[in-house]
Amino acid sequence: MTPTTTIDAMDRSAREQVEFGVLYAEVQQFYAHQMQLFDSFRAEPWAATFTEEAVFDVPTLPEPVRGRAELAACVRHNEEVARRSGERLRHWLGMLDVQPRPDGTVRTRAYALVYMTPPDGVPKVHRVCVMEDTLVRSRGRWRTAHRLVSRDDLS
């Protein structure tokens with residue numbers, strides 16, 4: 001191996017690491033924005049972070065939600081439930097694993113903690129989940145094409 005070949009290989013490796021770092025930061029920012037929209041009951045902007053035909057599969061619903069209109073309707077329903085109960089939910093993602101795929105999609109897996117603050121103001125962990133997504137680029141932005149959520153208490 002010549003010195004030039006070693007330098008070229010290191011440059012390629014360093015370039016790949018930088019590209020992955022940028023991707024990881026983009027995905028983290030995507031989720032921070034998406035979860036804050038969700039917790040703020042911004043139904044249409046939140047639904048717009050999904051593809052038109054997205055599938056949202058969570059164990060708290062009897063069947064997967066499909067498409068942006070149904071996604072937005074779920075958020076509006078959640079807002080009504082929260083208004084009646086006085087409880088506030090906050091979603092916190094951590095341990096984010098980001099796996100770029102050759103087709104340009106990104107598979108992610110993260111732990112999702114859902115905190116609930118009741119009207120008395122004492123927050124507690126409400127749910128512990130694993131969230132697995134397929135993200136795609138659409139019109140220059142990351143969007144969720146498929147989300148599967150599992151809950152530790154239902155495993």
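Which residue in strand 2 is the bridge partner of V55? I looked this up in a predicted model, and the partner is R66.

**Strand 1 and its neighbours.** I then checked how strand 1 is paired on each side. With strand 2 (residues 65-66), strand 1 pairs in the antiparallel sense over two bridges. With strand 6 (residues 141-151), strand 1 (residues 50-57) runs parallel, and four bridges join them. I noted that F56 stands opposite R147 in strand 6.

For strand 5 and strand 6 I found 10 bridges in an antiparallel run. Within that pair, T134 has H146 of strand 6 as its bridge partner.

**Helix 3.** I looked at what helix 3 covers.

**The core.** I listed the largest nonpolar core, which has 28 residues; V27, Y31, W46, F56, L71 and L135 touch the most other members. Elements giving two or more residues to this core include helix 1 (3-39), helix 2 (43-47) and helix 3 (68-85). Helix 1 supplies the largest share, seven residues.

**L71.** Which residues does L71 touch, leaving out those up to four places away in sequence? I found W46, A47, F50, A54, F56 and V65. Of these, W46 and F56 are also among the core residues that touch the most other members.

Methods:
Residues are numbered from 1 along each chain as its sequence is written. This is a predicted model: local features need pLDDT of at least 70, side-chain atom pairs count only at pLDDT 80 or more; totals for chains, interfaces and linings use all residues. Side-chain values use heavy atoms; hydrogens and water are left out. Two strands pair if DSSP finds at least two bridges between them. A nonpolar core is a set of buried Ala, Val, Leu, Ile, Met, Phe, Trp, Tyr and Cys residues joined through side-chain atoms within 4.5 Å. Buried means under 20% relative accessible area, exposed over 50%, partly exposed in between (1.4 Å probe, protein chains only). Contact means heavy atoms within 4.5 Å.
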